[in-house]
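Okay, thanks for coming, everyone.

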Amino acid sequence: MTSENSISTEIAATAARLVVEEGMEYGLAKQRALKVLGLSRNSRAALPSNDELEDEVRDYLALFCADTQPAELDALRELAAEWMARLAEFRPHLCGAVWRGTATRLSNIHLQLYCDDSKSAEIALINMGLDYEVGTVSGPKGSRGRDIDVLSLAVLSRKLGELITVHLSILDFDDLRGALKTDARGRSERGDLAALRKLLEQASDE
């Protein structure tokens with residue numbers, strides 16, 4: 001009989017392929033993996049954690065994308081830095097795959113903005129003459145469990161020669177407290193512009 005651990009590993013491996021090859025977010029990739037593998041909803045108990053999935057993504061990238069992914073990641077980080085500078089008044093922090101180092105050209109850029117006024121970022125985008133869409137998602141840890149607005153826009157990456165989706169999560173200034181806490185493995189889940197520039201410098205030195 002197949003153990004729950006082996007099922008979880010199989011789900012993680014399949015989801016990792018979907019993340020890298022189709023640019024899926026982790027939650028959707030895990031659910032799609034269940035369907036791809038023909039597993040029932042009862043198998044949800046075996047769903048891998050995000051840390052386990054990230055490990056599989058890193059392995060997949062090292063095996064199949066080692067010649068292209070570092071340059072694509074660098075391009076996305078440069079684009080993120082450009083927009084963090086433009087939106088500096090809102091204390092932007094980068095999170096997700098671009099921050100964690102697992103992004104490819106199919107990945108979206110996720111920025112968290114810590115605003116004194118929740119509408120101020122929208123006003124700034126309007127003043128820049130930019131088109132954007134507004135969505136709502138469950139807030140991250142530290143946002144007291146409420147839903148938050150997400151402003152999404154398509155911006156050009158000159159290095160990649162294509163449009164990249166940038167998601168701006170609108171958080172309260174008070175949510176910034178504790179935002180830089182590390183995860184269970186001692187890794188940060190987000191970083192400000194100074195931290196991102198340090199990562200870019202390290203990559204150029206390598």
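Before I point at anything: the helices here are DSSP runs of H or I, at least four residues long, numbered from the N terminus. With that in hand, L200 is found in helix α7. And please keep in mind that this is a predicted model.

So let's stay with L200 for a moment. Is L200 buried or exposed? Buried means under 20% relative accessible area, and L200 comes in at 16%, so it counts as buried. Leaving out neighbours within four places in sequence, L200 is in contact with D74, R77, E78 and A81. Take A81: it sits 119 residues away from L200 in sequence, yet the two C-alpha atoms are 9.4 Å apart.

Helix α4, residues 69–86, packs with helix α7, residues 193–205, at an angle of about 150 degrees, and the axes are 10 Å apart. Over 145 degrees counts as roughly antiparallel, so that is what we call α4 relative to α7. Who makes the contact? On the α4 side we have D74, R77, E78, A80, A81, M84 and A85, and on the α7 side L193, L196, R197, L199, L200 and A203. The crossing of α4 and α7 is left-handed, by the way.

Now walk off the end of α4 into the loop between α4 and β1, where β1 is 93–95. What does F90 touch, beyond residues up to four places away in sequence? The list is L113, Y114, C115, S120, A121 and A124. F90 is also 81 residues along the chain from T9, and their C-alpha atoms are separated by 40 Å.

The other one is R91, also in the loop between α4 and β1. Most residues other than glycine have a negative phi. R91 isn't a glycine, but its phi is positive, about 50 degrees. R91 is partly exposed, with a relative accessible area of 26%.

Helix α6 covers residues 120–127, and S120, A121, E122, A124 and L125 in it are buried. What do the buried residues of α6 pack against? Strands: β2 (109–115), β3 (133–138), β4 (147–157) and β5 (162–172). Just after α6 you get G129, with a positive phi of about 75 degrees.

Within α2, residues 26–36, the buried ones are Y26, A29, K30, A33 and L34. These cover an arc of only 145 degrees around the axis, so they lie on the same side of α2.

First, H110, which lies in strand β2. The H110 side chain makes a polar contact with the side chain of E25, at 3.0 Å. Skipping residues up to four places away in sequence, H110 touches E25, H93, L94, C95 and H167.

Then there's R100, in helix α5, residues 96–100. Its relative accessible area is 17%, so R100 is buried. The R100 side chain makes a polar contact with the side chain of E54, again at 3.0 Å. L180 is in the loop between β5 and β6, with β6 at 190–191. Which residues does L180 touch, again not counting those up to four places away in sequence? H93, R190 and G191. R190 is ten residues from L180 in sequence, and the C-alpha atoms are 6.4 Å apart.

Finally, A16 in helix α1, residues 4–22. A16 counts as buried, at 1% relative accessibility. Setting aside residues up to four places away in sequence, A16 touches L53, E56 and V57. Between A16 and D174 there are 34 Å, C-alpha to C-alpha, and they are 158 residues apart in sequence.

That's my tour, so let's open it up for discussion.

Conventions
Residues numbered from 1 in each chain as written. Predicted model: local features only at pLDDT ≥ 70, side-chain atom pairs only at ≥ 80, totals over all residues. Heavy atoms only, no water. Helix = DSSP H or I, 4+ residues; strand = E, 2+ residues; numbered from the N terminus. Buried < 20%, exposed > 50% of the residue type's maximum accessible area, 1.4 Å probe, protein only. Polar contact = N/O pair within 3.5 Å; in protein donor to acceptor, adjacent residues only side chain to side chain. Arc of directions from axis to C-beta. Contact = heavy atoms within 4.5 Å. Axes fitted to C-alpha atoms, helices over the stretch in contact; angles between N-to-C directions. Parallel < 35°, antiparallel > 145°, perpendicular 65-115°, else oblique. Left-handed = near helix turned anticlockwise from the far one by under 90°.
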